[in-house]
Amino acid sequence: MTADLPEADLGYRLLAELRSVSDQLDAALVSVLRELDLTVPSANVLWHLTPTAALPSMSELARRTCSDPSTVTFIIDKLEKRGTVERLPGPDDKRVKVVALTAAGFAQREKLVDAMTQHLPLRRLSAREQRQLHRLLSKANSIA
């Protein structure tokens, strides 16, 4: 039981549980990624192209995906050739390129998000528990 763990061990146990959930999700997504013909890095980029948010610049995508800018450029090149994304001039600085989903990219991202939420190991929690975990993870992710 977590209440019985010494505080020194709690951080490790929390990380171990988060890693286990992440590993379960990755394993469940192998077939979905194969079906969508996506690599894990390209799926990660699509995940970060939220349709309702402002279009991210290439450097912003690199920051969000914890990737080198050259890696993001390589991934965007591949996705652009497939017709999934397009690069557009930035709204404030035409030298900056922002990345937008195309209609095909939007459909592919929707399939990816649906698959991820359907295979999410956290679905074993009740709706109340999921809301509580969401609040706690949001608090942990907030920048002070």
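Student: Is Glu60 buried, partly exposed or exposed?

Tutor: In this predicted model, local features need pLDDT of at least 70, side-chain atom pairs count only at pLDDT 80 or more, and totals for chains, interfaces and linings use all residues. Residues are numbered from 1 along each chain as its sequence is written, and side-chain values use heavy atoms, with hydrogens and water left out. Buried means under 20% relative accessible area and exposed over 50%, with partly exposed in between (1.4 Å probe, protein chains only). The relative accessibility of Glu60 is 22%, so Glu60 counts as partly exposed.

Student: How far apart are the closest N and O atoms of Glu60 and Arg63?

Tutor: Glu60 and Arg63 are three residues apart in helix H3 (residues 58–64) and therefore separated by about one helical turn; helices are DSSP runs (H or I, at least four residues), numbered from the N terminus. A salt bridge requires a side-chain nitrogen of Lys or Arg within 4 Å of a carboxyl oxygen of Asp or Glu. Glu60 and Arg63 form one, with their closest N and O atoms separated by 2.6 Å.

Student: Which residue is linked with Glu60 and Arg63 in a network of salt bridges?

Tutor: A residue four positions from Glu60 in helix H3 lies about one helical turn away. Its salt bridge with Glu60 has its closest N and O atoms 3.0 Å apart. The residue linked with Glu60 and Arg63 in the network is Arg64.

Student: Is Arg95, which forms a salt bridge with Asp93, buried or exposed?

Tutor: The closest N and O atoms of Arg95 and Asp93 are 3.0 Å apart. Asp93 is partly exposed at 26% relative accessibility. With 73% relative accessibility, Arg95 counts as exposed.

Student: Which helix gives the most residues to the lining of the largest pocket?

Tutor: On a 1 Å grid over the protein atoms alone, a pocket is an open set of points where a 1.4 Å probe fits, with protein on both sides within 12 Å along at least five of seven lines; lining residues have an atom within 4 Å of a point. The largest pocket has 36 lining residues, and Leu18 is among those nearest its centre. Leu18 belongs to a helix spanning residues 7–36. With 15 residues, the helix that gives the most to this lining is H1.

Terms used
Helix = DSSP H or I, 4+ residues; strand = E, 2+ residues; numbered from the N terminus.
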